[in-house]
Amino acid sequence: METLRRGLVAGLLAGLVLAMLDFVTDGTPGRLLPEALHWFGITIADPTISRFAGFFLLLVLGGVFGLIFGALQRERIITIRRALLSGLALGFVWWLVFSLLLANIMSHQAPFSLDFGRFLSTFPIDLLFGVVLGAISFQLQQQRRASAV
Amino acid sequence: MSLSSSASDRKRVAVTGAKERSTTSTPITLSERSITGFALIRIFVGYLWFQQLFWKLPPDFRGLYPYIIRESQHTIIPGYGYILQHTFLAGCTSLSTPAGCTAFVPLAACIWTAELLVTISLMFGLFTRFGAILATILALQLYVGLAYTEWIWTYGMLVLLALALVAIPAGRRLGVDQWLAPRLQAAGQQHRIARIASWFV
(Lines give C-alpha, C1' and ligand atoms only; values in the text may rest on other atoms or scores of the structure.)
Protein backbone atom coordinates (compact mmCIF):
# COMPACT_ATOMS: atom_id res chain seq x y z
CA MET A 1 0.00 0.00 0.00
CA GLU A 2 2.85 2.32 0.87
CA THR A 3 4.53 1.88 -2.53
CA LEU A 4 1.18 2.46 -4.27
CA ARG A 5 0.64 5.69 -2.33
CA ARG A 6 4.20 6.81 -3.08
CA GLY A 7 3.80 5.89 -6.76
CA LEU A 8 0.55 7.85 -6.97
CA VAL A 9 2.11 11.00 -5.48
CA ALA A 10 5.20 10.64 -7.68
CA GLY A 11 3.02 10.07 -10.76
CA LEU A 12 0.87 13.12 -10.06
CA LEU A 13 3.98 15.29 -9.56
CA ALA A 14 5.66 13.91 -12.71
CA GLY A 15 2.41 14.53 -14.62
CA LEU A 16 2.43 18.09 -13.27
CA VAL A 17 6.02 18.60 -14.54
CA LEU A 18 4.99 17.19 -17.93
CA ALA A 19 1.98 19.50 -18.14
CA MET A 20 3.96 22.54 -16.92
CA LEU A 21 6.53 22.05 -19.69
CA ASP A 22 3.85 23.13 -22.10
CA PHE A 23 3.79 26.56 -20.50
CA VAL A 24 7.32 27.33 -21.69
CA THR A 25 6.63 26.21 -25.22
CA ASP A 26 7.05 28.32 -28.34
CA GLY A 27 3.82 30.12 -29.16
CA THR A 28 0.79 30.38 -26.90
CA PRO A 29 1.39 28.79 -23.48
CA GLY A 30 -0.49 25.53 -23.17
CA ARG A 31 -1.29 25.24 -26.86
CA LEU A 32 -0.25 21.57 -26.98
CA LEU A 33 -2.21 20.48 -23.89
CA PRO A 34 -5.36 19.52 -25.89
CA GLU A 35 -3.28 16.80 -27.61
CA ALA A 36 -3.84 14.64 -24.52
CA LEU A 37 -7.60 14.90 -25.14
CA HIS A 38 -7.06 13.98 -28.77
CA TRP A 39 -5.56 10.60 -27.70
CA PHE A 40 -9.01 9.65 -26.39
CA GLY A 41 -10.97 11.22 -29.21
CA ILE A 42 -12.22 14.08 -27.02
CA THR A 43 -12.72 17.46 -28.67
CA ILE A 44 -13.69 20.60 -26.78
CA ALA A 45 -14.51 23.65 -28.87
CA ASP A 46 -13.53 26.27 -26.29
CA PRO A 47 -9.70 26.54 -26.46
CA THR A 48 -9.33 27.64 -22.81
CA ILE A 49 -11.45 24.79 -21.42
CA SER A 50 -9.68 22.42 -23.80
CA ARG A 51 -6.29 23.44 -22.37
CA PHE A 52 -7.46 23.07 -18.77
CA ALA A 53 -9.00 19.67 -19.57
CA GLY A 54 -5.75 18.56 -21.27
CA PHE A 55 -3.78 19.76 -18.23
CA PHE A 56 -5.93 17.76 -15.79
CA LEU A 57 -5.96 14.71 -18.04
CA LEU A 58 -2.14 14.70 -18.00
CA LEU A 59 -2.23 14.82 -14.19
CA VAL A 60 -4.70 11.93 -14.06
CA LEU A 61 -2.67 9.85 -16.52
CA GLY A 62 0.47 10.66 -14.50
CA GLY A 63 -1.31 9.39 -11.38
CA VAL A 64 -2.36 6.18 -13.15
CA PHE A 65 1.21 5.55 -14.35
CA GLY A 66 2.42 6.32 -10.83
CA LEU A 67 0.09 3.65 -9.45
CA ILE A 68 1.44 1.16 -12.02
CA PHE A 69 4.98 2.16 -10.97
CA GLY A 70 4.08 1.59 -7.32
CA ALA A 71 2.46 -1.77 -8.06
CA LEU A 72 5.59 -2.93 -9.92
CA GLN A 73 7.77 -2.25 -6.84
CA ARG A 74 5.82 -4.79 -4.71
CA GLU A 75 6.41 -3.15 -1.33
CA ARG A 76 10.19 -3.40 -1.69
CA ILE A 77 12.81 -0.82 -0.85
CA ILE A 78 14.06 0.28 -4.26
CA THR A 79 17.49 1.53 -5.28
CA ILE A 80 17.92 4.70 -7.36
CA ARG A 81 19.06 2.50 -10.28
CA ARG A 82 15.88 0.44 -10.16
CA ALA A 83 13.72 3.54 -9.73
CA LEU A 84 15.24 5.26 -12.78
CA LEU A 85 15.13 2.13 -14.97
CA SER A 86 11.52 1.34 -14.05
CA GLY A 87 10.65 4.99 -14.69
CA LEU A 88 12.37 4.94 -18.09
CA ALA A 89 10.48 1.74 -19.01
CA LEU A 90 7.16 3.34 -18.05
CA GLY A 91 8.09 6.49 -19.99
CA PHE A 92 8.69 4.29 -23.02
CA VAL A 93 5.28 2.62 -22.52
CA TRP A 94 3.68 6.10 -22.26
CA TRP A 95 5.29 7.10 -25.55
CA LEU A 96 4.27 3.84 -27.24
CA VAL A 97 0.65 3.93 -26.07
CA PHE A 98 -0.20 7.64 -26.20
CA SER A 99 2.25 9.50 -28.46
CA LEU A 100 2.53 6.74 -31.05
CA LEU A 101 -0.42 4.32 -31.10
CA LEU A 102 -3.35 6.41 -29.87
CA ALA A 103 -2.15 9.60 -31.59
CA ASN A 104 -1.87 7.73 -34.90
CA ILE A 105 -5.14 5.81 -34.55
CA MET A 106 -7.07 8.98 -33.69
CA SER A 107 -5.52 10.74 -36.70
CA HIS A 108 -6.56 7.82 -38.96
CA GLN A 109 -2.97 6.89 -39.74
CA ALA A 110 -1.14 3.57 -39.58
CA PRO A 111 -0.57 2.75 -35.85
CA PHE A 112 3.22 2.74 -36.10
CA SER A 113 3.74 5.54 -38.64
CA LEU A 114 6.31 8.02 -37.43
CA ASP A 115 8.52 10.74 -38.87
CA PHE A 116 11.75 12.08 -37.39
CA GLY A 117 10.29 15.41 -36.25
CA ARG A 118 7.39 13.78 -34.37
CA PHE A 119 9.69 11.17 -32.84
CA LEU A 120 12.03 13.90 -31.63
CA SER A 121 9.22 16.03 -30.25
CA THR A 122 7.59 13.24 -28.23
CA PHE A 123 10.08 10.50 -27.32
CA PRO A 124 12.52 12.47 -25.08
CA ILE A 125 9.66 14.21 -23.24
CA ASP A 126 7.87 10.95 -22.49
CA LEU A 127 11.11 9.36 -21.28
CA LEU A 128 11.67 12.44 -19.13
CA PHE A 129 8.26 11.86 -17.51
CA GLY A 130 9.43 8.35 -16.61
CA VAL A 131 12.76 9.50 -15.17
CA VAL A 132 11.06 12.20 -13.07
CA LEU A 133 8.47 9.67 -11.87
CA GLY A 134 11.16 7.20 -10.78
CA ALA A 135 13.35 9.87 -9.20
CA ILE A 136 10.47 11.44 -7.21
CA SER A 137 9.35 8.03 -5.99
CA PHE A 138 12.91 7.34 -4.78
CA GLN A 139 13.05 10.75 -3.08
CA LEU A 140 9.78 10.06 -1.25
CA GLN A 141 11.08 6.68 -0.11
CA GLN A 142 14.28 8.29 1.21
CA GLN A 143 12.32 11.00 3.02
CA ARG A 144 10.12 8.39 4.69
CA ARG A 145 13.14 6.33 5.74
CA ALA A 146 14.85 9.42 7.14
CA SER A 147 11.77 10.43 9.12
CA ALA A 148 11.40 6.84 10.44
CA VAL A 149 15.00 6.96 11.78
CA MET B 1 37.68 27.06 42.48
CA SER B 2 37.97 24.29 39.96
CA LEU B 3 34.40 24.99 38.83
CA SER B 4 35.19 28.64 38.20
CA SER B 5 38.35 27.63 36.31
CA SER B 6 36.50 25.22 34.01
CA ALA B 7 33.81 27.86 33.38
CA SER B 8 36.43 30.38 32.33
CA ASP B 9 38.04 27.68 30.10
CA ARG B 10 34.68 27.08 28.41
CA LYS B 11 34.25 30.82 27.93
CA ARG B 12 37.73 31.05 26.37
CA VAL B 13 36.99 28.14 24.01
CA ALA B 14 33.68 29.72 22.99
CA VAL B 15 35.37 33.07 22.29
CA THR B 16 38.12 31.35 20.26
CA GLY B 17 35.48 29.39 18.32
CA ALA B 18 33.57 32.56 17.54
CA LYS B 19 36.81 34.27 16.40
CA GLU B 20 37.63 31.29 14.14
CA ARG B 21 34.16 31.35 12.64
CA SER B 22 34.48 35.04 11.88
CA THR B 23 37.76 34.49 10.01
CA THR B 24 36.69 31.38 8.05
CA SER B 25 33.60 30.82 5.86
CA THR B 26 30.88 28.57 7.18
CA PRO B 27 30.26 25.72 4.73
CA ILE B 28 26.93 26.03 2.93
CA THR B 29 24.84 22.94 2.37
CA LEU B 30 21.91 23.03 -0.03
CA SER B 31 18.72 21.66 1.49
CA GLU B 32 16.74 18.90 -0.29
CA ARG B 33 14.13 21.45 -1.31
CA SER B 34 16.71 23.84 -2.78
CA ILE B 35 18.49 21.18 -4.84
CA THR B 36 15.16 19.72 -6.02
CA GLY B 37 14.13 23.23 -7.03
CA PHE B 38 17.36 23.59 -9.00
CA ALA B 39 16.70 20.20 -10.61
CA LEU B 40 13.33 21.49 -11.82
CA ILE B 41 14.99 24.66 -13.17
CA ARG B 42 17.52 22.41 -14.95
CA ILE B 43 14.71 20.41 -16.61
CA PHE B 44 12.97 23.58 -17.81
CA VAL B 45 16.23 25.11 -19.13
CA GLY B 46 16.89 21.84 -20.98
CA TYR B 47 13.39 22.06 -22.42
CA LEU B 48 14.09 25.60 -23.68
CA TRP B 49 17.04 24.22 -25.65
CA PHE B 50 14.92 21.25 -26.76
CA GLN B 51 12.32 23.47 -28.41
CA GLN B 52 14.95 25.25 -30.45
CA LEU B 53 15.93 22.03 -32.22
CA PHE B 54 12.82 22.03 -34.38
CA TRP B 55 13.23 25.08 -36.58
CA LYS B 56 16.62 23.88 -37.87
CA LEU B 57 16.07 20.17 -38.31
CA PRO B 58 18.38 17.95 -40.38
CA PRO B 59 19.11 17.11 -43.13
CA ASP B 60 19.48 20.67 -44.49
CA PHE B 61 19.40 22.75 -41.24
CA ARG B 62 17.90 25.49 -43.40
CA GLY B 63 16.43 27.47 -40.48
CA LEU B 64 19.90 28.15 -39.10
CA TYR B 65 21.14 29.88 -42.25
CA PRO B 66 19.57 33.35 -41.80
CA TYR B 67 20.92 33.49 -38.22
CA ILE B 68 24.48 32.70 -39.37
CA ILE B 69 24.15 35.49 -41.95
CA ARG B 70 22.94 37.89 -39.22
CA GLU B 71 25.77 36.85 -36.91
CA SER B 72 28.33 37.49 -39.63
CA GLN B 73 26.92 41.01 -40.13
CA HIS B 74 26.22 42.14 -36.56
CA THR B 75 28.80 40.46 -34.33
CA ILE B 76 30.20 42.51 -31.46
CA ILE B 77 33.69 40.97 -31.75
CA PRO B 78 35.92 42.18 -34.62
CA GLY B 79 37.03 39.31 -36.83
CA TYR B 80 34.22 36.95 -35.82
CA GLY B 81 32.25 37.82 -38.96
CA TYR B 82 35.35 37.09 -41.06
CA ILE B 83 35.68 33.65 -39.44
CA LEU B 84 32.01 32.85 -40.15
CA GLN B 85 32.33 33.98 -43.75
CA HIS B 86 35.30 31.66 -44.32
CA THR B 87 33.85 28.63 -42.52
CA PHE B 88 30.03 28.40 -42.35
CA LEU B 89 29.46 30.69 -45.29
CA ALA B 90 32.37 29.65 -47.52
CA GLY B 91 31.20 29.43 -51.13
CA CYS B 92 27.68 30.72 -50.35
CA THR B 93 26.10 32.68 -53.16
CA SER B 94 22.76 33.69 -51.65
CA LEU B 95 21.73 35.57 -48.51
CA SER B 96 18.47 33.63 -48.21
CA THR B 97 19.36 30.00 -48.98
CA PRO B 98 22.48 27.93 -48.26
CA ALA B 99 22.91 27.16 -51.97
CA GLY B 100 26.55 26.65 -52.91
CA CYS B 101 27.76 26.64 -49.29
CA THR B 102 30.32 23.87 -49.02
CA ALA B 103 30.78 23.71 -45.25
CA PHE B 104 27.38 24.88 -44.01
CA VAL B 105 25.70 21.48 -43.58
CA PRO B 106 28.54 19.73 -41.67
CA LEU B 107 29.09 22.73 -39.38
CA ALA B 108 25.35 23.22 -38.84
CA ALA B 109 25.15 19.50 -37.99
CA CYS B 110 27.79 20.09 -35.29
CA ILE B 111 25.75 22.98 -33.82
CA TRP B 112 22.52 20.96 -33.90
CA THR B 113 24.20 17.93 -32.31
CA ALA B 114 25.71 20.12 -29.58
CA GLU B 115 22.26 21.56 -28.82
CA LEU B 116 20.79 18.04 -28.75
CA LEU B 117 23.50 17.01 -26.27
CA VAL B 118 22.67 20.02 -24.07
CA THR B 119 19.01 19.05 -24.21
CA ILE B 120 19.58 15.42 -23.23
CA SER B 121 22.12 16.35 -20.58
CA LEU B 122 19.98 19.00 -18.87
CA MET B 123 16.57 17.35 -19.18
CA PHE B 124 17.73 13.94 -17.98
CA GLY B 125 20.38 15.21 -15.54
CA LEU B 126 23.02 13.15 -17.33
CA PHE B 127 26.52 14.64 -16.95
CA THR B 128 24.68 17.86 -16.19
CA ARG B 129 27.72 20.05 -15.67
CA PHE B 130 29.13 18.98 -19.04
CA GLY B 131 25.80 19.92 -20.65
CA ALA B 132 25.80 23.23 -18.77
CA ILE B 133 29.37 24.03 -19.94
CA LEU B 134 28.34 23.25 -23.52
CA ALA B 135 25.22 25.41 -23.08
CA THR B 136 27.39 28.27 -21.77
CA ILE B 137 29.64 28.08 -24.85
CA LEU B 138 26.67 27.95 -27.25
CA ALA B 139 24.91 30.81 -25.44
CA LEU B 140 28.13 32.89 -25.42
CA GLN B 141 28.42 32.38 -29.16
CA LEU B 142 24.81 33.57 -29.57
CA TYR B 143 25.53 36.57 -27.34
CA VAL B 144 28.57 37.51 -29.41
CA GLY B 145 26.72 37.14 -32.70
CA LEU B 146 23.13 38.15 -32.04
CA ALA B 147 22.83 40.11 -28.79
CA TYR B 148 23.23 43.43 -30.60
CA THR B 149 20.38 42.63 -33.04
CA GLU B 150 17.81 41.55 -30.42
CA TRP B 151 16.97 42.33 -26.80
CA ILE B 152 20.49 42.13 -25.35
CA TRP B 153 19.33 40.55 -22.08
CA THR B 154 18.01 37.44 -23.84
CA TYR B 155 21.36 35.92 -24.64
CA GLY B 156 23.09 37.41 -21.60
CA MET B 157 20.56 35.70 -19.32
CA LEU B 158 20.96 32.46 -21.26
CA VAL B 159 24.71 32.56 -20.53
CA LEU B 160 24.13 33.28 -16.82
CA LEU B 161 21.49 30.56 -16.50
CA ALA B 162 23.89 28.01 -17.99
CA LEU B 163 26.68 29.21 -15.70
CA ALA B 164 24.44 28.72 -12.65
CA LEU B 165 23.94 25.10 -13.72
CA VAL B 166 27.71 24.67 -14.09
CA ALA B 167 28.14 25.82 -10.50
CA ILE B 168 25.42 23.71 -8.88
CA PRO B 169 25.18 19.92 -9.35
CA ALA B 170 21.52 20.09 -10.34
CA GLY B 171 21.52 16.64 -11.96
CA ARG B 172 21.93 14.90 -8.61
CA ARG B 173 18.21 15.19 -7.97
CA LEU B 174 15.51 14.15 -10.47
CA GLY B 175 18.27 13.02 -12.81
CA VAL B 176 20.60 10.21 -13.77
CA ASP B 177 23.53 11.95 -12.05
CA GLN B 178 21.97 10.94 -8.73
CA TRP B 179 22.93 7.37 -9.63
CA LEU B 180 26.16 8.26 -11.46
CA ALA B 181 27.79 10.69 -9.02
CA PRO B 182 28.61 8.32 -6.10
CA ARG B 183 29.78 5.61 -8.48
CA LEU B 184 32.09 7.91 -10.40
CA GLN B 185 33.46 9.38 -7.16
CA ALA B 186 34.19 5.89 -5.83
CA ALA B 187 35.75 4.74 -9.11
CA GLY B 188 37.68 8.02 -9.29
CA GLN B 189 39.84 6.92 -6.34
CA GLN B 190 41.51 4.42 -8.66
CA HIS B 191 40.76 5.50 -12.24
CA ARG B 192 41.77 8.85 -13.67
CA ILE B 193 39.06 8.83 -16.35
CA ALA B 194 36.36 8.26 -13.74
CA ARG B 195 37.82 11.11 -11.68
CA ILE B 196 37.69 13.45 -14.69
CA ALA B 197 34.16 12.25 -15.57
CA SER B 198 33.07 12.93 -11.98
CA TRP B 199 33.81 16.65 -12.50
CA PHE B 200 30.95 16.77 -15.01
CA VAL B 201 28.12 15.34 -12.88
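This is a predicted model: local features need pLDDT of at least 70, side-chain atom pairs count only at pLDDT 80 or more; totals for chains, interfaces and linings use all residues.
**View 1. Chain B as a run of helices.** Chain B holds nine helices and zero strands, and from the N terminus on its elements run α-α-α-α-α-α-α-α-α. Of the 201 residues in chain B, buried residues make up 31%. When the contacts in chain B between residues at least 6 apart in sequence are considered, 58% join residues at least 24 apart.

**View 2. The side of chain B that touches chain A.** In this view, 16 residues of chain B are in contact with 17 residues of chain A. The elements of chain B that give two or more residues to the side touching chain A are helix 2 (32–51), helix 5 (104–124) and helix 8 (177–187), and helix 2 of chain B gives the most, with six residues. Sorted by class, the residues on this side of chain B divide into 13 nonpolar, three polar and no charged.

**View 3. Helix 1 of chain A and its buried residues.** Helix 1 of chain A has 20 residues and reaches 29 Å from its first C-alpha to its last, which is close to the 28 Å expected at 1.5 Å a residue. The buried residues of this helix are A:Thr3, A:Arg6, A:Gly7, A:Ala10, A:Gly11, A:Leu13, A:Ala14, A:Gly15, A:Val17, A:Leu18, A:Ala19 and A:Leu21. What do the buried residues of helix 1 of chain A pack against? They pack against helix 3 and helix 5 of chain A, together with helix 2 of chain B. As background to reading such a list, an α-helix has 3.6 residues a turn, so residues three or four places apart point the same way.

**View 4. The crossing of helix 1 and helix 3 in chain A.** The axes of helix 1 (residues 2–21) and helix 3 (residues 47–73) of chain A come within 6 Å and cross at roughly 145 degrees, and the crossing of these two helices of chain A is right-handed. The contact of helix 1 of chain A with helix 3 of chain A has, by class, 17 nonpolar, nine polar and one charged residues.

**View 5. The packing of helix 4 and helix 5 in chain A.** Helix 4 (residues 80–106) of chain A packs with helix 5 of chain A at an angle of about 145 degrees, and their axes are 7 Å apart. The crossing of helix 4 and helix 5 of chain A is right-handed, and their contact has, by class, 17 nonpolar, eight polar and one charged residues.

**View 6. The largest nonpolar core and a second, separate one.** The largest nonpolar core has 64 residues, of which A:Ala14, A:Val132, A:Leu133 and B:Ala135 touch the most other members. Helix 5 (residues 116–148) of chain A gives the most to this core, with nine residues. Leaving aside its neighbours within four places in sequence, A:Leu133 is in contact with A:Ala10, A:Gly11, A:Ala14, A:Phe65, A:Gly66, A:Phe69, A:Gly87 and A:Leu90. A second, separate core has nine residues, including B:Leu64, B:Phe88, B:Leu89 and B:Cys92.

**View 7. The loop between helix 2 and helix 3 of chain B.** B:Pro59 has its place in the loop between helix 2 and helix 3 (65–74) of chain B, and the peptide bond that leads from B:Pro58 to B:Pro59 is cis, with omega near 15 degrees. B:Phe61 is also found in the loop between helix 2 and helix 3 of chain B, and its phi is near 50 degrees, a positive value in a residue other than glycine.

**View 8. The loop between helix 5 and helix 6 of chain B.** B:Phe127 has its place in the loop between helix 5 and helix 6 (128–146) of chain B. Phi of B:Phe127 is near 50 degrees, a positive value in a residue other than glycine, and B:Phe127 counts as buried because 25 C-beta neighbours lie inside 10 Å.

**View 9. B:Gln185 in helix 8 of chain B.** B:Gln185 is found in helix 8 of chain B, where this residue is partly exposed, with 14 other C-beta atoms within 10 Å. From C-alpha to C-alpha, B:Gln185 and B:Val159 are 28 Å apart in space, and they are 26 residues apart in sequence.

Conventions. Residues are numbered from 1 along each chain as its sequence is written. Chains are lettered from A and ligands numbered from 1 in the order in which they are written. Two residues are in contact if their C-beta atoms, placed from the backbone, lie within 7 Å. Helices (H or I, at least four residues) and strands (E, at least two) are DSSP runs, numbered from the N terminus. Ala, Val, Leu, Ile, Met, Phe, Trp, Tyr, Cys and Pro count as nonpolar, Asp, Glu, Lys and Arg as charged, and the others, Gly among them, as polar. Axes are lines fitted to C-alpha atoms, for helices over the stretch in contact, and angles run from 0 to 180 degrees between N-to-C directions. A crossing is left-handed if the near helix is turned anticlockwise from the far one by less than a right angle, and right-handed if clockwise. A residue is buried if 20 or more other C-beta atoms lie within 10 Å of its own, exposed if 12 or fewer, and partly exposed in between; C-beta atoms are placed from the backbone. A nonpolar core is a set of buried Ala, Val, Leu, Ile, Met, Phe, Trp, Tyr and Cys residues joined through C-beta atoms within 7 Å. The expected span of a helix is 1.5 Å times one less than its number of residues.
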